[in-house]
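Hi,

Here is the structure I said I'd pass on to you. Have a look at it first, then read my notes below.

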Amino acid sequence: MYKKKRLGLAILLTAISLAACQKTADNPTQADPSTPVQAEQAEPDSTADSGSAADKDDALNQPPSGEPITLTFGHGQAEGHPYQTAALYFKDQVEKESGGTITVEVSPNGTLGDEREQIEGLQMGTIDITVAVAAALSGFDSNMDVFNMPYLFGSREEAFKVLDGEVGQSIFKGLESQGIRTFGTFDLGFRSMTNSIRPITSPEDCQGIRMRTLESSVCVDALGCLGIDAVSMSFSELFTSLQTGAVDGQENPLFTIYNSRFYEVQKYLSLTEHFYPVCPVMMSDITWNKLSADQQEIVSKAMVEAVAYERELSGQELDKMRTSCEEAGMEVNDVDKAPFIEAVAPVYEKYEPQFGDLIRQIQEAVK
């Protein structure tokens, strides 16, 4: 009886096992509860990859974000000047890179006002970009007048080193509180003297010459140390004043002397190279804040490139300016600068309380 029971139980277990095996064979996707579940690996979808690549290409080809805007770029130099060539270069770069969302209107010859008026336009947002000498900026930030000290730099390269470096940038930062953003400096070359009386070869030759200079007390005082009767007046009045004899002479970079046709009313050009005009390229903060992040990046990059382009072009053209002035009929002479540097030393003493620390920082940065 016991053996029969054992035989029946064995038959029952065998039947159950066979039924389970048959169920698994009929449904192969059902996992064995005793086996850990494995995540199913999906086959790559070639269609999805193609779509993702296309989306990336579309994103790269999208125009920069930002509302369309027109920027005005004003300056006081003539059409043939490196300023104008660099401004047109900036225009081309910005319009190309922005896909047409930014257009630039360049206005040379001071058609938007003199330098002071254009700087005021930056503050009001009526002008977007301009270039001006430090003398015109000293009324907006008095520290800018330090750049008008005579014989502050010995070469263009020394000037670039300081202006592009920490010292120069810290001085330009003062303009930010006036709503003005700077993007490097254009180059004009050094300022030299012209007059209709005699060649200037020494400080003694300067005695009694009535000469127009920039609207800066530093410039007036520096020329006064040479015995010059220095007069500040607007550049727009200068040619007529030279023509009528209201002033005997003026001092400007060679570009300006030639392009303004001063050779028609001035006989003598003396390469004193007494001032280096620092000329920041500036933009209105009001305008800057209207630009999208994409547009700001485009404008900033183009500004930096335009500064480098203008400086290179200026260096090339400066070598030709002396010859151009001579060919136009001017008598051009070099000078020994040492006695001129000695003669203007009192102006450094006078402005020591105001600019002493800045001057020493600049001199240290030059080394």
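Contact here means heavy atoms within 4.5 Å. Before the details: this is a predicted model, where local features need pLDDT of at least 70, side-chain atom pairs count only at pLDDT 80 or more, and totals for chains, interfaces and linings use all residues. Residues are numbered from 1 along each chain as its sequence is written, and side-chain values use heavy atoms, with hydrogens and water left out.

Let's start with Asp 187. You'll find Asp 187 in the loop between β4 (180–186) and β5 (191–195); strands are DSSP runs of E, at least two residues, and helices are runs of H or I, at least four, numbered from the N terminus. Asp 187 is buried, at a relative accessible area of 0% (buried is under 20%, exposed over 50%, partly exposed in between, with a 1.4 Å probe and protein chains only). Setting aside neighbours within four places in sequence, Asp 187 is in contact with several residues, including Tyr 83, Phe 160 and Leu 318.

Next, Asp 248, in the loop between α9 (238–244) and β8 (249–253). What is the nearest side chain of opposite charge to Asp 248? That is Arg 210, 6.6 Å away, and Asp 248 is buried without a salt bridge (a side-chain nitrogen of Lys or Arg within 4 Å of a carboxyl oxygen of Asp or Glu; Lys and Arg count as positive, Asp and Glu as negative, while His and the chain ends are not counted).

Last, the cysteines: Cys 206 is buried at 0% relative accessible area, whereas Cys 225 is partly exposed at 28%.

Cheers
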